[in-house]
Amino acid sequence: MGYNFTIRLLLRLVLVQIALIGFAWALTTPGLGATRIIAGMIAAGACWLLWSHVQRTNFEVARFVEALRFGDYSVHFDRGAGSGFEAMGQAFDSAIHKLRDERRTASDELGFLEALVNDTPVPLLTLGDEGRIALANKAARRLFTEHQGMTPEDFRIYGATFASRLDLDAPLREEVLILTLNGRAKRAIVRSAALTRLSGRARVVIVQPIQETLNAVEMAAQTDLVRVLTHEILNSLTPVTSLAATTSTLLSQIEDPRLDDARIAVSTLERRAEGLARFINSYRKVASEPVIERRKFEAAPFAAEMARLFKAERPDVVLDLILEPSVFAVDADPDLLAQALINLLRNAGEAASGHSDAPKVLLELRRLTSGEVAIAVGDNGPGVPEALRRDVFLPFFTTRATGTGVGLNLVRQIVFAHGGTIELKDDALGGARFEILI
């Protein structure tokens with residue numbers, strides 16, 4: 001506390017001693033009644049000065065301890081010159097300032113870490129000893145919107161296997177699981193890690209949806225395959241077509257009845273080679289990914305135009321158009337989306353016409369709670385067997401004698417290019433139902 005405090009303390013001790021000696025002398029000397037009273041008052045005053053000097057030190061120390069206890073780093077300690085407490089006040093103020101700076105630094109770092117976790121694009125879930133699950137960041141809150149509680153059982157709506165991983169005693173692993181999100185089955189990588197905290201055990205679960213990535217990889221592989229096949233086949237077919245045309249021309253210039261069969265054979269070969277070339281060229285558009293020019297457009301005029309185009313092509317088929325009021329706008333490429341719907345409506349019309357005496361097709365647009373727009377095309381045709389539902393989107397695959405196997409693959413490419421999904425289900429009309437989510 002410095003020399004001032006020590007000197008003042010010594011002076012007060014000396015004063016107390018002198019006052020006590022004087023008071024004792026007055027008590028032992030007869031006839032000094034008034035002197036005794038004055039000496040007692042002086043002794044009491046000296047003791048009070050000594051006590052207040054020590055008490056002030058205790059008070060300052062107590063203030064410092066209370067400030068540490070309650071984390072109040074705004075207090076100020078007496079450092080006035082001549083108070084005797086300059087050194088102690090400076091030491092306390094210096095400690096408080098250091099703690100305040102450290103708290104500010106820790107608060108800034110904590111804020112950064114909280115923002116980092118909250119804005120991380122990968123969904124994070126945390127589990128504690130109490131069995132409650134917390135959605136730790138924005139990505140998790142956007143992904144998991146359908147549950148009500150915060151227990152593993154409440155998360156069973158997304159998948160029983162996934163819910164079983166939300167347990168402190170579940171094995172730590174990294175695996176690919178199928179989660180049901182917004183009514184759609186999506187693959188996701190689920191990772192678990194154990195944590196230690198003061199309150200007990202904890203665990204973090206990282207969920208990384210990969211369905212869109214898998215879709216993009218699959219479409220890229222298909223387009224590469226188609227590109228290579230069409231290129232190689234056309235390279236081999238071009239000289240065959242050229243030679244067939246040349247041979248046909250040469251044979252037509254020779255008047256010999258014995259060559260009639262040869263002329264017919266070469267002419268047939270020429271036509272089939274040209275037809276095959278046109279057929280292969282039609283698949284080249286499958287090998288190029290659609291370029292999306294996305295914008296918002298009104299849903300009602302768009303749906304009405306789809307209905308008019310369908311009725312112009314299929315006047316014999318009844319079209320039910322359902323447009324929910326919540327779907328007042330769609331965020332997509334209107335031209336490419338129209339191309340996809342025209343293909344789906346055309347397929348639905350053909351399926352319904354060839355199966356029912358009262359063919360009917362449904363076009364429905366509705367908005368989901370997630371904000372996505374669901375566009376469904378259904379029919380009362382024969383439907384698609386469960387075993388073929390994955391194959392119908394493959395290039396070259398078709399179940400119709402006159403089909404090329406291009407239409408549905410293009411539809412899928414357009415949907416995936418929008419970042420959406422397309423699923424084939426059973427429709428309430430009895431046939432197939434293609435549902436697009438964008």
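This is a predicted model: local features need pLDDT of at least 70, side-chain atom pairs count only at pLDDT 80 or more; totals for chains, interfaces and linings use all residues.

Trainee: What counts as a strand, a helix or a pair of strands?

Mentor: Helices (H or I, at least four residues) and strands (E, at least two) are DSSP runs, numbered from the N terminus. Two strands pair if DSSP finds at least two bridges between them. Here, strand 4 (residues 184-197) and strand 5 run antiparallel and are joined by 10 bridges, with Ile 189 opposite Gln 208 in strand 5. Strand 1 also runs antiparallel to strand 2, through 3 bridges, and Leu 127 faces Ile 133 of strand 2 there.

Trainee: In what order do the strands of that sheet lie?

Mentor: The order is 2-1-5-4-3, an open sheet of 5 strands with antiparallel pairing. Strand 2 (133-135) and strand 3 (174-181) stand at the edges with a single partner strand each, so one side of each has no neighbour in the sheet. From one strand to the next, the twist averages 30°. For angles like this, axes are lines fitted to C-alpha atoms, for helices over the stretch in contact, and angles run from 0 to 180 degrees between N-to-C directions.

Trainee: Which strands form the open sheet with mixed pairing?

Mentor: That sheet has 5 strands in the order 7-9-10-12-11. Its edges are strand 7 (318-323) and strand 11 (421-426), each with a single partner strand, so one side of each is left without a neighbour in the sheet. The twist in this sheet averages 15° from one strand to the next. Inside it, strand 10 (residues 373-379) pairs with strand 12 (residues 432-437) in the antiparallel sense over 5 bridges, and Gly 378 stands opposite Arg 433 in strand 12.

Trainee: Which helices lie across these strands?

Mentor: Contact means heavy atoms within 4.5 Å. Helix 9 (residues 334-353) lies across strand 7, strand 9 (360-367), strand 10 and strand 12, at about 25° to strand 10. Helix 10 (residues 407-417) lies across strand 11 and strand 12, at about 130° to strand 11.

Trainee: How do I describe two helices packing on each other, such as helix 8 and helix 9?

Mentor: Start with the angle: under 35 degrees counts as roughly parallel, over 145 as roughly antiparallel, 65 to 115 as roughly perpendicular and the rest as oblique. Helix 8 (residues 299-313) packs with helix 9 at about 40°, their axes 10 Å apart, which makes helix 8 oblique to helix 9. Next comes the hand: a crossing is left-handed if the near helix is turned anticlockwise from the far one by less than a right angle, and right-handed if clockwise. Helix 8 passes helix 9 in a right-handed crossing. Among the residues in contact are Phe 302 and Met 306 of helix 8 and Leu 341 and Leu 345 of helix 9.

Trainee: And what is the hand of the crossing between helix 9 and helix 10?

Mentor: Left-handed. Their axes come within 9 Å and cross at roughly 145°. Residues that meet include Leu 336 and Asn 343 in helix 9, and Leu 408 and Val 411 in helix 10.

Technical notes: Residues are numbered from 1 along each chain as its sequence is written. Side-chain values use heavy atoms; hydrogens and water are left out.
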